[in-house]
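Dear colleague,

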Amino acid sequence: MTEATELAAAAGSTDPRVGLRSVLALRRLLETLEVLQVDNARRQGWSWQEIADALDVTKQAVHKKHAGRPPVGTRREA
């Protein structure tokens, strides 16, 4: 099983501590994947509207979340 599969299975645990920690880890993974794919789409010339449509959100929401940050790979580590 992959880590994501294991996390998804653990999210259904009857132990709330295990389930909630898994939900947190999945949320962080999802955010990372969204950033990577939005950057990928922008590099390929996608408009904010096309990205918003693919994510089923408004153009304003996706633009507000992603427009002000540097693309992946250009961030400076502190």
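A residue is called buried here when its relative accessible area is under 20%, exposed when that value is over 50%, and partly exposed in between. Please bear in mind throughout that this is a predicted model.

With that cut-off in hand, Ser22 counts as buried, because its relative accessibility is 5%. Ser22 belongs to helix α2, which covers residues 16–43, and, once its neighbours within four places in sequence are set aside, Ser22 is in contact with Leu7, Ala10 and Ala11. Leu24 is also placed in helix α2, but with a relative accessible area of 22% Leu24 is partly exposed. Between Leu24 and Leu7 the C-alpha to C-alpha distance is 9.6 Å, while in sequence the two are 17 residues apart.

Helix α2 also holds Leu36, which at 37% relative accessibility counts as partly exposed. Leu36 takes part in a nonpolar patch on the surface, formed together with Leu29, Leu33 and Val72, and the accessible area of these residues together comes to about 290 Å².

Turning to helix α3, which residues of this helix are buried? In α3, made up of residues 48–55, they are Trp48, Ile51 and Ala52. When one looks down the axis of α3, the buried residues fall within an arc of 100°, so they line one face of the helix. As background, an α-helix has 3.6 residues a turn, so residues three or four places apart point the same way. The cover over the buried residues of α3 includes α2 and α4, the latter being residues 59–66, whereas the face of α3 turned away from the buried side carries Asp53 and Ala54, which are exposed.

The last point concerns the backbone just after α3, where Asp56 takes a positive phi of about 60°. Most residues other than glycine have a negative phi, and Asp56 shows its positive value although it is not a glycine. Asp56 is located in the loop between α3 and α4, and with a relative accessible area of 72% it is exposed.

Note on methods:
Residues numbered from 1 in each chain as written. Predicted model: local features only at pLDDT ≥ 70, side-chain atom pairs only at ≥ 80, totals over all residues. Heavy atoms only, no water. Helix = DSSP H or I, 4+ residues; strand = E, 2+ residues; numbered from the N terminus. Buried < 20%, exposed > 50% of the residue type's maximum accessible area, 1.4 Å probe, protein only. Contact = heavy atoms within 4.5 Å. Arc of directions from axis to C-beta. Patch = residues over 30% accessible without salt bridge, like charges linked within 9 Å, V, L, I, M, F, W, Y side chains within 5 Å. Areas by Shrake-Rupley, 256 points an atom, 1.4 Å probe, with all protein chains shown as cover. Salt bridge = Lys/Arg side-chain N within 4 Å of Asp/Glu carboxyl O.
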